[in-house]
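Work through the exercises below with the sequence and the structure at hand.

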Amino acid sequence: MKAIAFTTPLPIDAPDSLVELDLPQPLPGLRDLLVNVKAVSVNPVDTKIRGARHQGSASHETGKPRVLGWDAAGVVVGKGSDVTAFSIGDEVYYAGELDRQGSNAEYQAVDERLVGRKPKSIGFAEAAALPLTSITAWELLFDRLGIREGETGSSLLVSGAAGGVGSILVQLARRLTNLTIIGSASRPETAQWVSDMGAHHVVDHTKPLADQVKALQMSPVKYIVSLTATARNFAQLVEVLAPQGKIGLIDDPATLDVVPLKRKAASLHWEFMFARSMWRTPDMAEQGQLLNRVSDLVDRGELRSTQTQTLNPIDVNNLKRVHALVESGKTIGKVTLTVGADHTLD
């Protein structure tokens, strides 16, 4: 089968940073689906592993090819003998597992417990924008921070709200809670996007956050989600956090001094969406179930895909372009790639 991989960690502008290969079609395990991939998306984890900056990446000293890709939508074409939730021909979407070959290939084997039904109201490219960020956002809000659906009376600050995770997290918080949502962005176009996603207020994270949040004269910020530059912004985030508040993060600061949280009896929560599959936790199937919930919300018109740009086809040149965009830190929402006809990137 056709696949796009890397064999040596290289900068994305290197000629062989990504290469097209002919690899054996994967054989599904007992609980695996074999999916014919129709669309994918690129996330920061792709660029980190390709550049050997991620804690879970291999050394690749042997030159063994690694297929990236942790967002996919496609059609089930095969399955293991113990699969119970899906049939051949089902349209699905998922984020997969960190330690298995990824979705930048014609076919991928994925554990059924991590897979959701693709929303019926949108196409494969729009669906491929959602899995990893939806799981991350959902787990941050409801599992790590312990926010209750319908919760009211407090505020949620989302630092770095215009990216992939922020775009869906703001929507989930607006649709499923009654919290006052403050999103941070740095450009007029990203501020407008965050507002469109459902934030009640938008602040500029290139300026002191504490003064801007205080100027809103709202209820205390009980919850903070920091999606980027946590180390740089941490002092400001702690300043605006309410006593006994909670901070959740997903990025990888080299160091983080959490001692200032003590005076507020505040807590820090780290989200890593691959933890369930990596450690084979008993609740692994929660990820497939929450993707089904997201699918239902999309089909009811309560959530929208965060896809903003799509490239066609899925090939080395287009994947390189999207990797470069993600590494720039200036993407809005998600960029997807599809095997079918769709919009092209300007």
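The model is predicted: local features need pLDDT of at least 70, side-chain atom pairs count only at pLDDT 80 or more, and totals for chains, interfaces and linings use all residues. Residues are numbered from 1 along each chain as its sequence is written, and side-chain values use heavy atoms, with hydrogens and water left out.

**Exercise 1. State the mean pLDDT of the protein and find where pLDDT stays under 50.**

Step 1. pLDDT is the predictor's confidence in each residue, from 0 to 100. Its mean over the protein is 94, and 95% of the residues reach 70 or more.

Step 2. Residues 53-61 stay under 50; the model has 15 contacts (heavy atoms within 4.5 Å) for them beyond four places in sequence. Residues 342-346 also stay under 50, with 12 such contacts.

**Exercise 2. Give the strand order of the open sheet of 6 strands and name its edge strands.**

Step 1. Helices (H or I, at least four residues) and strands (E, at least two) are DSSP runs, numbered from the N terminus. Two strands pair if DSSP finds at least two bridges between them.

Step 2. The order is E11-E10-E9-E12-E13-E14, with parallel pairing. Strand E11 (201-204) and strand E14 (267-270) are the edges, each pairing on one side only.

Step 3. Lysine 246 stands opposite serine 267 in E14.

**Exercise 3. Determine the order of the open sheet of 3 strands and explain why one side of each edge strand lacks a neighbour.**

Step 1. The order is E2-E1-E4, and the pairing is antiparallel.

Step 2. Strand E2 (19-22) and E4 each have a single partner strand, so one side of each is left without a neighbour in the sheet.

Step 3. Strand E1 (residues 2-6) is joined to E4 by 2 bridges. Alanine 5 has valine 67 in E4 as its bridge partner.

**Exercise 4. Describe how helix H3 (residues 131-144) packs against helix H9 (residues 286-299).**

Step 1. Axes are lines fitted to C-alpha atoms, for helices over the stretch in contact, and angles run from 0 to 180 degrees between N-to-C directions. The axes of H3 and H9 come within 10 Å and cross at roughly 105°.

Step 2. Angles under 35 degrees count as roughly parallel, over 145 as roughly antiparallel, 65 to 115 as roughly perpendicular and the rest as oblique. H3 and H9 are therefore roughly perpendicular to each other.

Step 3. Residues of H3 in the contact include Trp138, and those of H9 include Leu290.

**Exercise 5. Classify the ring pair of tryptophan 70 and phenylalanine 274.**

Step 1. Rings of Phe, Tyr and Trp (its six-membered ring) pair if their centres lie within 6.5 Å; planes under 30 degrees apart count as stacked, over 60 as edge-to-face and the rest as tilted. By this rule there are 3 aromatic pairs.

Step 2. The centres of these two rings are 6.4 Å apart and the planes stand at 75°, so the pair is edge-to-face.

Step 3. The pair links distant parts of the chain, 204 residues apart.

**Exercise 6. Locate the cis peptide bond and state its omega.**

Step 1. The cis bond joins asparagine 312 and proline 313, with omega about 5°.

Step 2. Proline 313 is in the loop between strand E15 (307-311) and helix H10 (316-328).
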